[in-house]
Amino acid sequence: MNKGGAGMGGIAGGGGPTAAAAAAAAQKQKSLLQRVDTDIGNLVDSFGYIVNVARVNDPPVRNSQESFMMEVRASRMVQAAESLLKLVSELKQTAIFSGFASLNDHVDKRTEEFNKLEENSNVILARIGEEAAASLKELESHYYSSTLRTSNPHQP
C-alpha cells in the first residue's frame, strides 16, 4: 500500500506553484489512497468469505443461501476491481495533465523571458540606430565641409 502511495505522491505532487494547488494535490492523493485501501479491502474480504463458504454442506437450503452470498461477494469483488481500474485511469490522466500543466507553465515562463529579451534587443537596436544616424550626420557634415571635397576637380 505505502509503496503505491509514494508513487502517487510524485504524480499528484507535481502540480502548480501555489499553496492552494499543493493542498489540492495533497487532498487528491489522500482521497486516492483511501479509495485504494477501500477497494483492496473489499476484494480481500470478499475473496476470504467466498473461500470460507465454498465448502460443501449437506442441507440444500444452506447451500443455496451460501451460493447466493458467494454471488453477492463475487459481485462486490467485480465492483472493487472496476473501481481500481477507474482509479488507474484517473492516475494516468492526472499524470498526463499535470505533465501538460507544468510544461505549459515552463513555456509561459520561457515566453516571458524571450519577450523581455526582445524588448531589451529592440531598445539596444534603437540606440544603435540613433548613434549610427548621429555618426552619419556628423560624417556627412565633415565631408561636405572638407577642403578635399571642394578641391577635387572630378566631383560634379
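Biologist: Which residues make the nonpolar surface patch of about 500 Å²?
Modeller: In this predicted model, local features need pLDDT of at least 70, side-chain atom pairs count only at pLDDT 80 or more, and totals for chains, interfaces and linings use all residues. Numbering starts from 1 along each chain as its sequence is written, and side-chain values use heavy atoms, without hydrogens and water. Patch residues have over 30% relative accessible area and no salt bridge, with nonpolar side chains (Val, Leu, Ile, Met, Phe, Trp, Tyr) joined within 5 Å and like charges within 9 Å; a salt bridge puts a side-chain nitrogen of Lys or Arg within 4 Å of a carboxyl oxygen of Asp or Glu. The patch of about 500 Å² (Shrake-Rupley method, 1.4 Å probe; for residues, only the protein chains shown count as cover) is made by I96, F97, F100, L103 and V107.

Biologist: Why does L103 count as partly exposed?
Modeller: L103 is found in helix 3, residues 60-145; helices are DSSP runs of H or I with at least four residues, strands are E runs of at least two, and both are numbered from the N terminus. Buried means under 20% relative accessible area, exposed over 50%, and partly exposed in between (1.4 Å probe, protein chains only). L103 therefore counts as partly exposed, its relative accessibility being 46%.

Biologist: Which residues does S46 touch, not counting those up to four places away in sequence?
Modeller: S46 lies in helix 2, residues 19-53, and is buried, because its relative accessible area is 2%. Its C-alpha atom is separated by 8.3 Å from that of M70, 24 residues apart along the chain. With contact taken as heavy atoms within 4.5 Å, S46 touches R73, R76 and M77.

Biologist: Over the ring of which residue does the charged end of R73 sit?
Modeller: A charge sits over a ring if NZ of Lys or CZ of Arg is within 6 Å of the ring centre and within 35 degrees of the ring normal. At 4.4 Å from the ring centre, the charged end of R73 sits over Y49.

Biologist: Is S83 buried or exposed?
Modeller: S83 is found in helix 3. Leaving aside neighbours within four places in sequence, S83 is in contact with R35 and D39. Since its relative accessible area is 18%, S83 is buried.
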